[in-house]
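Trainee: Could you show me how to read sheets and helices in a model like this one?
Mentor: Gladly, let's take it step by step.

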Amino acid sequence: MLRSQIGFFLLILLLTAMVAGWREINKPGWFPLQEMRVSGLVNTSVAQATTAIGVEKGSNLLSVHPKTVQARLEALPWIRSVHVKRQFPSILLIRVVEKSAVGMVREGDRLFLVDEYGATIKPMEKEDPLMLPIIVSAPGEEKATQVVWLINLLSKHTWLQGRISEAVSAPGGRWILYTKQGVKLLLSQRTDQELELLKRLQDQFAILDRKVRQVELRIPGKAMVRFAL
């Protein structure tokens, strides 16, 4: 009986010491945060990231919870993923992976940046990079699906990719593309074949560099060219 009481008493002392020790090392004077190293920021400013992190210099590093910092940063529009690590005694390491804007979608009179998955990053603002093409989805069509489809199409036709300023989807899988020079390209569902035909015309006649208003490619194996007056 006495031995059990002594054992219980010692256990209480041990737990009390552990709690007191934990409280002590969590005081600001222990493991003070001296440096935050953030890598991977491209479109997110250091000031934005620092504000989102919300941890002051001199804070006890033990009181900084990596999951909390991760969640705060991932709430920013450009951030895709975050890895946070505490490096004792005084450094917080943060590695960020940002989203990649591949174009813009137009919804009404507003533009939104979209990533390679067709997901909206944020509304377009003056300080944001201009990412062409501007994509307009057909009514009732899944925006993300159409964005991904178009980006994949242009990535297969790299000779044309940098020329396109706007892409408008039409019902039935048809597209209207506009070049930066203002040439209107009319495409059916046979886009790959039609763009191969257009490439042959471009290689032979530099058709997209001439005063052309429109190229109709929806007739199989043919191209109808309307010149600008």
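Trainee: In what order do the 3 strands of the open sheet lie?

Mentor: Strands of a sheet pair through backbone hydrogen bonds, either parallel or antiparallel. Here the order is 1-3-2, with mixed pairing; strands (E, at least two residues) and helices (H or I, at least four) are DSSP runs numbered from the N terminus, and two strands pair if DSSP finds at least two bridges between them. The edges are strand 1 (35-39) and strand 2 (79-87), each pairing on one side only. This is a predicted model, where local features need pLDDT of at least 70, side-chain atom pairs count only at pLDDT 80 or more, and totals for chains, interfaces and linings use all residues. Residues are numbered from 1 along each chain as its sequence is written, and side-chain values use heavy atoms, leaving out hydrogens and water.

Trainee: Which pairing is parallel and which antiparallel?

Mentor: Strand 1 runs parallel to strand 3 (residues 91-98) over 5 bridges, with Ser39 partnered by Arg95. Strands 2 and 3 are antiparallel over 8 bridges and form a hairpin with 3 residues between them.

Trainee: Which residues of helix 6 are buried?

Mentor: An α-helix has 3.6 residues a turn, so residues three or four places apart point the same way. In helix 6 (residues 191-205), the buried ones (under 20% relative accessible area, 1.4 Å probe, protein chains only) are Thr191, Glu194, Leu195, Leu197, Leu198, Leu201 and Gln202. They lie on the same side of helix 6 because their arc, taken from the directions from the helix axis to the C-beta atoms, is only 155 degrees.

Notes. The expected span of a helix is 1.5 Å times one less than its number of residues. Buried means under 20% relative accessible area, exposed over 50%, partly exposed in between (1.4 Å probe, protein chains only).
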